[in-house]
Amino acid sequence: MDAGFHWPQFSVDRGLLHALLHRTAQRRLGHHCLVMDSPVTGYEQDADGVTLFLGNGRQARGALLIAADGLYSTIRAQMFPDEGPLNWGRAVLWRGVTRARPLRTGSSYVAMGMADRHFLFYPISHPGRDGKAMIHWVAVAQVDDHPSRASDRWLRKVPTRAILPFFESWRELWIDVHAMMAASAHAYETPLVDRPALRSWHRGRVVLLGDAAHPMYPTAATGASQAIIDARVLGASMIEAGVTPAALHAYDDMLCAPVSALVERNRVEGRFELLRIVHERCGGSFTDLDSVVPPREREDFMLRYTRATEFAAEMLNNAPPIIAPGARAAVA
């Protein structure tokens, strides 16, 4: 809000967010509407609806199928069987959580490094009585090849000791990155991958959402936010057109092209481009940042960046609610 937005930014443990969504869905839809631990194997659609095939020979039937099944989407693979392999970005990300004291404001997001090696961290909880909070950290290293590239899982649990050699020289910085990572017993490894942008996310009564539709490099840290926006826009389309294929068409028309452009923009450095500029001008060593990159230049850089991702303050602050309070979709 200090940056001029009308709403705060929340950084939260993703597991807690999933649990909240799970409880809310149970309360609104009923426990019988959620089926856990049942892999999807495919679907068939006809003029009246969609049949979803689940593991153990089970089936589910509905008017529409919204596939939010992630990077390795079974539904996307059936819709686009000739798509080809993932696009490899020659880098690996490791994510971990360490209990430590938050720095600076107590909620500051800190990013450091360059394109080939960088590290960022921020708190995802309030401090406890001991003054420590859960600090989420992300370490990124460029590599020519890596075993995670061939994995069929988005996240692999790995011991932190496997990451430390990539950042051995980072002990003598103003914060001991090596120690922060070592304080966590394990991390989750993610290959830097995305998929080619699609011209359309829907086929008849079936539509893709979130990473199933547009997996993207986390350069702009907008992947999870975009999935939430997808859901809101799809909901607004259903309020307008009912729970019908027409709603899927309207959602696709509104988001597919601009989000596909975002996928391609995220293949460049994003915010870390500013760190590269600093490094080129002074080798990363300075006593007065304003003399290296004047405040106006930094402000212009961030404004171009936030406008490109459609997260600029003036754009969000002036936008109406995607779904009006109390609005409901009608079942056709």
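Student: Quick one to start: are F119 and F121 buried or exposed?
Tutor: Both F119 and F121 are buried. Keep in mind that we're looking at a predicted model here.

Student: Okay. How many aromatic pairs does a search of the whole structure find?
Tutor: The search turns up 6 aromatic pairs. One of them is F119 with F121, a tilted pair with 5.9 Å from centre to centre and 45 degrees between the planes.

Student: And which aromatic cluster do those two belong to?
Tutor: F119 and F121 form one aromatic cluster together with W137.

Student: Are W201 and Y251 buried or exposed?
Tutor: W201 is buried, and Y251 is too.

Student: Let me zoom out. How many helices and strands are in the protein?
Tutor: You'll find 9 helices and 12 strands. The radius of gyration is 22 Å, close to the 20 Å that the globule rule gives for 332 residues, so the protein is as compact as a globular protein of that length.

Student: What does the C-alpha trace span along its principal axes?
Tutor: About 65 × 45 × 45 Å.

Student: How much of the protein is made up of buried residues?
Tutor: Buried residues are 39% of the 332. As for the surface, the protein exposes about 19400 Å², and carbon and sulfur atoms supply 55% of that.

Student: What share of the contacts comes from residues 24 or more positions apart?
Tutor: If you take contacts with a separation of 6 or more, residues 24 or more positions apart account for 68% of them.

Student: Charges next. How many positive and negative side chains are there?
Tutor: There are 36 positive and 35 negative ones, and the centres of the two sets lie 6 Å apart.

Student: Why does S237 count as buried?
Tutor: Because its relative accessible area is 8%, and the cut-off for buried is under 20%.

Student: Which residues of helix α6 are buried?
Tutor: In α6 (residues 272–282), the buried ones are F272, L274, I277 and V278.

Student: Which residues other than glycine have a positive phi?
Tutor: D37 and R104 are among them: D37 has a phi of about 55 degrees, and R104 has one near 55 degrees. Those are worth a look because most residues other than glycine have a negative phi.

Student: Where are D37 and R104?
Tutor: D37 is in the loop between α1 (14–29) and β1 (40–45). R104 is in the loop between β5 (87–100) and β6 (110–113).

Student: Buried or exposed?
Tutor: D37 counts as exposed, at 77% relative accessibility. R104 counts as exposed as well, at 75%.

Student: Switching to strands. Where's L52, and what is it in contact with?
Tutor: L52 is in strand β2 (residues 50–54). Leaving aside neighbours within four places in sequence, its contacts include V40, G42, Y43 and I75. At 16% relative accessibility, L52 counts as buried.

Student: How far is L52 from L64?
Tutor: Their C-alpha atoms are separated by 10.0 Å, and L52 and L64 are 12 residues apart along the chain.

Student: Last one: where's V331?
Tutor: V331 lies in the segment after α9 (313–317), and it counts as exposed at 71% relative accessibility. V331 and V243 are 88 residues apart in sequence, but 5.1 Å apart in space, C-alpha to C-alpha.

Technical notes. Residues are numbered from 1 along each chain as its sequence is written. This is a predicted model: local features need pLDDT of at least 70, side-chain atom pairs count only at pLDDT 80 or more; totals for chains, interfaces and linings use all residues. Side-chain values use heavy atoms; hydrogens and water are left out. Helices (H or I, at least four residues) and strands (E, at least two) are DSSP runs, numbered from the N terminus. The radius of gyration is taken over C-alpha atoms; the globule rule is 2.2 Å times the number of residues to the power 0.38. Buried means under 20% relative accessible area, exposed over 50%, partly exposed in between (1.4 Å probe, protein chains only). Contact means heavy atoms within 4.5 Å. Accessible areas come from the Shrake-Rupley method with a 1.4 Å probe; for residues, only the protein chains shown count as cover. Lys and Arg count as positive and Asp and Glu as negative; His and the chain ends are not counted. The place of a charge is taken as NZ of Lys, CZ of Arg, CG of Asp or CD of Glu. Rings of Phe, Tyr and Trp (its six-membered ring) pair if their centres lie within 6.5 Å; planes under 30 degrees apart count as stacked, over 60 as edge-to-face and the rest as tilted.
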